Amino acid sequence: MPKFRFVAATAAFSVTLLLTSCADNSQSTAVGKDVSGEKIPATASPDTSITVGAPELKVALQLSGQIDKLPFKVKWANISGGPKCSEAFRAGALDVCSAADIPSINAYWTGLDTKLVAAEFRKEPLRHPVYELGIAPGAGVESLADLRGKKIAYSPGQAQGALVLRILQKAGLTKDDVQLVELASTDDVYPTALGNHQVDAAPLGDVNIKRYLTKYGKAGGKTIQHGLRDDPEHLWALTDSVSDTQKSAAIRELIKFWARALIWIDEHPKEWIQGYYVKDQGLSREDGEYLVERSGHPDIPADWTSAIQRQQQTIDLLAKEQNHKAFKADILFDRRYEPVAADALAGEGTTP
């Protein structure tokens with residue numbers, strides 16, 4: 001969900017880049033295990049323990065009074081997002097995390113076997129984009145076509161990097177038509193790079209959009225809409241975890257709580273702003289209100305077909321532009337969990 005992305009990946013980005021650069025670009029035989037035939041037990045043992053990297057989910061369950069109702073043990077890791085979660089997965093220190101769509105693709109290409117076990121999007125995603133394209137003061141960019149010859153911030157291992165490639169594709173441009181400047185999208189790196197004219201354009205997300213315009217707007221800094229869907233959010237799991245008999249059942253139950261937490265957040269914006277953005281994240285109330293307004297409302301599909309098709313398009317684009325071998329997107333999705341979130345909402349309301 002949009003709030004999940006706010007807890008951004010930080011220094012671990014460099015680790016992910018190292019892993020990516022050292023990996024064989026051919027399709028690995030160590031990943032893509034088919035777990036579709038493995039049965040998930042009807043219930044999870046209360047003694048089962050899973051480690052979950054989704055700090056905002058923890059806060060949502062605390063605020064809604066549901067955290068103590070989880071029917072198994074959870075160790076909460078204070079991490080989320082692709083780079084940090086990938087590192088923790090590799091260390092065997094994490095079972096599930098919150099991430100966008102790109103981390104699972106890069107994990108496959110670097111030999112890390114993972115599965116997407118829950119999917120959430122935004123209603124009216126073009127009206128509620130996660131990112132806008134930040135433009136440096138005086139860069140002379142009024143539309144996507146004006147990006148030709150410009151310096152663009154690019155983070156190949158993150159969602160922002162894939163978005164840049166999709167923006168170029170939409171504008172009828174290639175990487176050769178622009179200068180891609182590799183920068184990790186952490187904290188305020190992109191707004192600062194724009195303000196210092198290190199780059200002409202960079203994808204900005206969440207509160208960084210507001211802060212960039214406030215700080216550099218008078219000097220000519222601005223943002224433009226890219227007009228593309230950029231809203232995928234997932235619960236992402238280690239394949240070894242969904243292959244484990246008891247952990248697979250616990251993950252299914254976690255998905256139910258996750259789905260209801262998304263709806264609770266949507267229906268309790270004031271409590272979420274105060275409890276998460278202000279108290280937990282240290283933002284101002286105004287920033288919290290801004291983020292809630294930007295994110296719109298959650299869309300939790302019962303059918304992943306369209307999501308998988310969009311993921312395939314992303315895989316094909318990244319394979320072409322980053323010199324990887326394309327693969328079937330279905331490999332990344334554990335469709336045993338496909339109906340779980342929507343069924344939890346339809347069958348039991350919003351309270352676990």
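Reader: Which helix holds Q312?
Author: The model is predicted, so local features need pLDDT of at least 70, side-chain atom pairs count only at pLDDT 80 or more, and totals for chains, interfaces and linings use all residues. Residues are numbered from 1 along each chain as its sequence is written, and side-chain values use heavy atoms, with hydrogens and water left out. Helices (H or I, at least four residues) and strands (E, at least two) are DSSP runs, numbered from the N terminus. Q312 lies within residues 305-322, helix α13.

Reader: Is Q312 buried or exposed?
Author: Buried means under 20% relative accessible area, exposed over 50%, partly exposed in between (1.4 Å probe, protein chains only). Q312 has a relative accessible area of 18%, so Q312 is buried.

Reader: Which residues is Q312 in contact with, leaving aside neighbours within four places in sequence?
Author: Contact means heavy atoms within 4.5 Å. By that cut-off, the residues that Q312 touches are F327, K328 and A329.

Reader: Which backbone nitrogen does the side chain of Q312 reach?
Author: The distance is 2.7 Å. The nitrogen belongs to A329.

Reader: How many residues of strand β8 are buried?
Author: Strand β8 spans residues 201-205 and is mostly covered. One side has A201, P203 and G205, the other A202 and L204, all buried.

Reader: Which residue of β8 is the bridge partner of E132?
Author: Two strands pair if DSSP finds at least two bridges between them. Strand β5 (residues 131-135) runs antiparallel to β8, with five bridges joining them. The partner of E132 is L204.

How values were computed:
A polar contact is a pair of N or O atoms within 3.5 Å; within protein, one must be able to donate a hydrogen and the other to accept it, and residues adjacent in sequence count only if both atoms are side-chain atoms.
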